[in-house]
Amino acid sequence: MPESPAHPARGPVGVMLPLDLPVGEVLPYVRRAEELGFDQVWVVEDLGWRGGVAQAATVLAATTNLTVGIGIMPAGARNVAFAAMELATLAQLHPGRLIAGIGHGMPGWMRQVGSWPESPLTLIKEYARALRLLIAGEPGPGNGRYVRCEGVVLTEIPDLVPPVILGVRGPKSQAVAGEVADGLLLAEPAAPGYITASLRNLGPAAANSPQIVVYDAAAVDDDEEAALTRIRAALEPVGEPQWAAHIDPLPFAEELRAHRAASPDARHFARTMPADWVRALSIAGTPAQARAAIDARHAAGATSVVLAPAGPDRLAALDSLARALPHRH
């Protein structure tokens, strides 16, 4: 397939800090990301792995210019006042370098730890509203159904208040983000059609110029087929029902569902899906093709595009992914 013309990306390009990266590689990874010219590093907080706030603090302290995003902190996991203290402290110590992502958390994990509410929408709405007020130095709002911090005021607040965005995928949750947050974090796959649909879901109450951060699995190689092959394992989950919101806006949604239904398992589904679907659902291919895919996401409304490196050697993958940055062509 011929390479697409290269165009400068329209906003920041970040990279995900893999949750399973050996501890001895964490600091070399983030320092290398900064050296290569990535604008952001995003840390994840999955149950049983590493804590999001601790990772963010370490990455901020180990780098100079990177913006660090937490994607995501589950709303049910922390008291909102103490979460606000942690985030305000990070933003105070590292001005202008933090983005805080809040979400529902995976239902199974949250039920396992006894923190899944009867109304997840009510919780995240109350939580995000209170968190933003507290970080900005305003008194906590009146007590709600789940969140109780009325009158709490933080003494130490940052000069630059970090954006609080919601990492949510359903239309109702995204509408809540439009009401109470500074934007959205869209998990992978975040094809342009999904970005466009999500922006519509924010509704008329959305903040001016909301932050729209998108994740996508990424692999870059001079051999396009090698990159596509490497990315397929990362696409194994996308045929499952919980990814429907990501797939429904895409022109091949019904075909993808039929393909998954006909496949004996997720591995076969991903290994045998058409190459055009792989390209649409990831940032994969030659450096120029990957740049074009990043550009397409910015053009659809993403303010930041975050690459999740595919393949076993994550440090080596960083160097490959950096070839897709706009200043590297």
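D216 is buried, with a relative accessible area of 0%; buried means under 20%, exposed over 50% and partly exposed in between, using a 1.4 Å probe and protein chains only. This is a predicted model, in which local features need pLDDT of at least 70, side-chain atom pairs count only at pLDDT 80 or more, and totals for chains, interfaces and linings use all residues. Residues are numbered from 1 along each chain as its sequence is written, and side-chain values use heavy atoms, with hydrogens and water left out.

- D216 sits in strand β7, residues 211-220; strands (E, at least two residues) and helices (H or I, at least four) are DSSP runs numbered from the N terminus.
- Leaving aside neighbours within four places in sequence, D216 is in contact (heavy atoms within 4.5 Å) with residues including E188, P189, L281, S282, V306 and L307.
- The side chains of D216 and R297 make a polar contact of 2.6 Å.
- A polar contact is a pair of N or O atoms within 3.5 Å; within protein, one must be able to donate a hydrogen and the other to accept it, and residues adjacent in sequence count only if both atoms are side-chain atoms.
- A polar atom of the D216 side chain also lies 3.0 Å from the backbone nitrogen of A190.
- I283 is 67 residues from D216 in sequence, yet their C-alpha atoms are 6.4 Å apart.

**Helices α7 and α13**

- The axes of α7 (residues 192-202) and α13 (residues 287-300) come within 9 Å and cross at roughly 15°.
- Axes are lines fitted to C-alpha atoms, for helices over the stretch in contact, and angles run from 0 to 180 degrees between N-to-C directions.
- α7 and α13 are therefore roughly parallel, a term for angles under 35 degrees.
- P192, I195, T196 and L199 of α7 meet A296, R297 and A300 of α13.

**Helix α3**

- Helix α3 has 14 residues (80-93), so at 1.5 Å a residue it should span 20 Å; its end C-alpha atoms are 20 Å apart, which agrees.
- The expected span is 1.5 Å times one less than the number of residues.
- V80, A81, A83, A84, L87, A88, L90 and A91 of α3 are buried.
- Their cover includes α2 (52-62), β3 (67-74), β4 (98-103) and α5 (120-135).
- N79 caps the N-terminal end of α3, with a side-chain oxygen 2.9 Å from the backbone nitrogen of A81.

**A233**

- A233 lies in the loop between α8 (224-231) and α9 (244-247).
- A233 is partly exposed, at a relative accessible area of 40%.
- A310 is 77 residues from A233 along the chain, with 8.3 Å between their C-alpha atoms.

Note on methods. Angles under 35 degrees count as roughly parallel, over 145 as roughly antiparallel, 65 to 115 as roughly perpendicular and the rest as oblique.
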